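Keep the 3D view open as you read.

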Amino acid sequence: MKATLLLFAIAAIGLPYTTRSQELFPLSAHQLIGTGGTGRPGLAGSFDNPAAFSQIARTSIQVFGASRFIGLGWQASSAVVGLPLGKMHIGLAAHARGATYFRETGIRLSWAKQLSRYTAIGLQTGWISQRANTYEPAYRLDATMGIQFKAWPHVYLGAAIGQIPGFIQTDSPTPSLSFGCWAQLQTHTKFNFSITHSPTFGIDWRTGIQYQLTSACTLMGGLSYAAMAQPAMAFSWTFAQEWTLLIATQYHPQLGWTPAIELQFAQSDK
């Protein structure tokens, strides 16, 4: 518990100096809804914290697609695979997002390990390509380190440091620092909160709650804030025991609705 308190004290001190906001164009449905963040275990939290892979019990898959802010032609898609290998866990993720005037693609390899019954760590390295009209393509290597604590039987705390210096090819941005909490409040209710900081939007956070109506159906709702509030809602349906289909949408006050769909295989939270 002392290590947990120390980690979150460091995160609180570092927030004003971080430079990377949470994704304006999310790479997973749980990022879009607000039910995924640094403290979320499993694939649902893997884009925020590589330590989340440590909670995967067997091979799991997640595929996501969204048409972000239709009026601007933005789109985002991603695919993630998590694989347990003995006491270690490996994750592989790929994504693409952007519009006609800007395009970003990337691939990420993650490693995670359960240090104890309560603590897990993770490391993620990635290659990012960015192309924009009238500009030369930019390529960079990136790295993220993360940690998760099981503070109580159904409560996870997490923190992650991204854009670690020394892994960047073209520039040396200030590392990002974020933290979050995920909890099962009741048998059928789960809650998430995640926060970070960027010089453009200041404090950037997301929060969400999900309620399991039946063994197969779950309702979700959330709120993200990056310069302005963006509410979201979703519905998921589990079929054939192993597969889950998640349909979500987020509303931007100026740019309208963002529909999204995600298909998951063997994904579950411990």
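**Salt bridges, burial and a cavity**

The side chains of E104 and R97 meet in a salt bridge, with N and O 2.9 Å apart; the term stands for a side-chain nitrogen of Lys or Arg within 4 Å of a carboxyl oxygen of Asp or Glu. E104 is buried at a relative accessible area of 6%, and R97 is buried at 9%. Here buried means under 20% relative accessible area, exposed means over 50%, and partly exposed lies in between, using a 1.4 Å probe and protein chains only.

Before we go further, a word on what you are looking at: this is a predicted model, in which local features need pLDDT of at least 70 and side-chain atom pairs count only at pLDDT 80 or more, while totals for chains, interfaces and linings use all residues. Residues are numbered from 1 along each chain as its sequence is written, and side-chain values use heavy atoms, with hydrogens and water left out.

The salt bridge count comes to 4. One of them joins R206 and D48, at 3.2 Å from N to O. R206 lies in strand β10 (residues 202-212) and D48 in the loop between α2 (29-33) and β1 (60-66), so this pair ties together parts that are 158 residues apart in sequence. R206 is buried, with a relative accessible area of 3%, and D48 is buried too, at 13%. Another salt bridge links D142 with R140, whose closest N and O atoms are 2.9 Å apart; both of these residues are buried.

Now step back to the whole protein. It has 2 helices and 14 strands, taken as DSSP runs numbered from the N terminus (helices: H or I, at least four residues; strands: E, at least two). Of its 270 residues, 50% are buried. Among contacts (heavy atoms within 4.5 Å) between residues at least 6 apart in sequence, 48% join residues at least 24 apart.

What lines the second largest cavity? Its lining is made of S46, F47, F53, V80, G91, L92, A93, R108, S110 and Q124. A cavity is a set of points on a 1 Å grid over the protein atoms alone where a 1.4 Å probe fits but cannot get out, and lining residues have an atom within 4 Å of a point. The elements that give two or more residues to this lining are β3 (88-99) and β4 (102-114), and β3 gives the most, with 3 residues.

Key: 1 Å grid on protein atoms, 1.4 Å probe; cavity = no way out; pocket = protein on both sides within 12 Å on 5 of 7 lines; lining within 4 Å.
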